[in-house]
Amino acid sequence: MIIMHHLRKSRAMFMTAFLEELGLDYELRLYDRNEVRRAPPELREVHPLGKSPVIEDNGMIIAESGVITTYLIDTYDSDLKFAPARDNREEYFRYLQWLHYAEGSAASPLLLNLLTRREDPKPPIVTGFAKGELALHLGYMEAALEGQDYILGNDFSGADVGCSSIAMGAKQQKLLDNYPNIDAYAVRITTRPAFQKAFAKTGG
């Protein structure tokens, strides 16, 4: 059985929800952040980086959201409900781009913005960079979601696992006043039955 190592109040929420999307049985192990918002040392016993999400399955420990998503689809999604077939190269590489976009490009500006909001005085070069990068990435996602429900079209896919975490992070930082497509996307993701089940099991 899959073991899902879930750090509360983290992007692990979206991976646990994906396990629900896939309809898989899994053992859930929950972890809480410490007083400085770091993951607890117990997670380092699972993986050296002490990060979450991490899964264990078939004798392997697998980290990084994009890799976990790919593994789960390759192993358990035989009908390719959540990803294009690999021989459809144009669609598959478009999917891969969005699958890795969240952690590869979009997460850093959100984190930088979160950290600079807590710092006073704020270095202008840092806040200016964060503001510019946020506008770039939120504008990119906003355009991609125009006229469709999810990042690749009107069907939820593995690419939405990471992209939905970016949308929700931006929503929590109150950055979406000028990005109605992303705002609607975040609501759409969190009202899916799989997300609601995962949230009920984990508390966030």
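The largest pocket of this predicted model holds about 1,600 Å³ of space. A pocket here is an open set of points on a 1 Å grid over the protein atoms alone, with protein on both sides within 12 Å along at least five of seven lines, and lining residues have an atom within 4 Å of a point. A volume is the space filled by probe spheres set on the points, which are joined across faces, edges and corners. Of the 44 residues that line the largest pocket, K9, S10, R11, R33 and L111 are the closest to its centre. Helices α1, α3 (89-117), α5 and α7 each supply at least two lining residues, and the largest share, eight residues, comes from α3. Helices (H or I, at least four residues) and strands (E, at least two) are DSSP runs, numbered from the N terminus.

The second largest pocket is lined by residues that include K81, F82, R94, L152 and F156.

| Pocket | Volume | Lining by class |
|---|---|---|
| Largest pocket | about 1,600 Å³ | 20 nonpolar, 13 polar, 11 charged residues |
| Second largest pocket | about 190 Å³ | five nonpolar, three polar, four charged residues |

There are also four cavities of 30 Å³ or more, a cavity being a set of points where a 1.4 Å probe fits but cannot get out. The largest cavity has a volume of about 70 Å³. Its lining takes four residues, the largest share, from α1; α1 (12-22) and α5 (159-172) each supply at least two.

An open sheet of four strands runs in the order β2-β1-β3-β4 with mixed pairing, two strands being paired if DSSP finds at least two bridges between them. β2 (26-31) and β4 (60-63) are at the edges with a single partner strand each, so one side of each has no neighbour in the sheet. Strand β3 (residues 54-57) is joined to β4 by four bridges, and the two run antiparallel. Contact means heavy atoms within 4.5 Å; angles run from 0 to 180 degrees between N-to-C directions, with axes fitted to C-alpha atoms, for helices over the stretch in contact. Helix α7 (residues 193-202) lies across β1 and β2, at about 55° to β2.

Residues are numbered from 1 along each chain as its sequence is written, and side-chain values use heavy atoms, with hydrogens and water left out. In this predicted model local features need pLDDT of at least 70 and side-chain atom pairs count only at pLDDT 80 or more, while totals for chains, interfaces and linings use all residues.

Definitions and conventions. Nonpolar A, V, L, I, M, F, W, Y, C, P; charged D, E, K, R; others polar.
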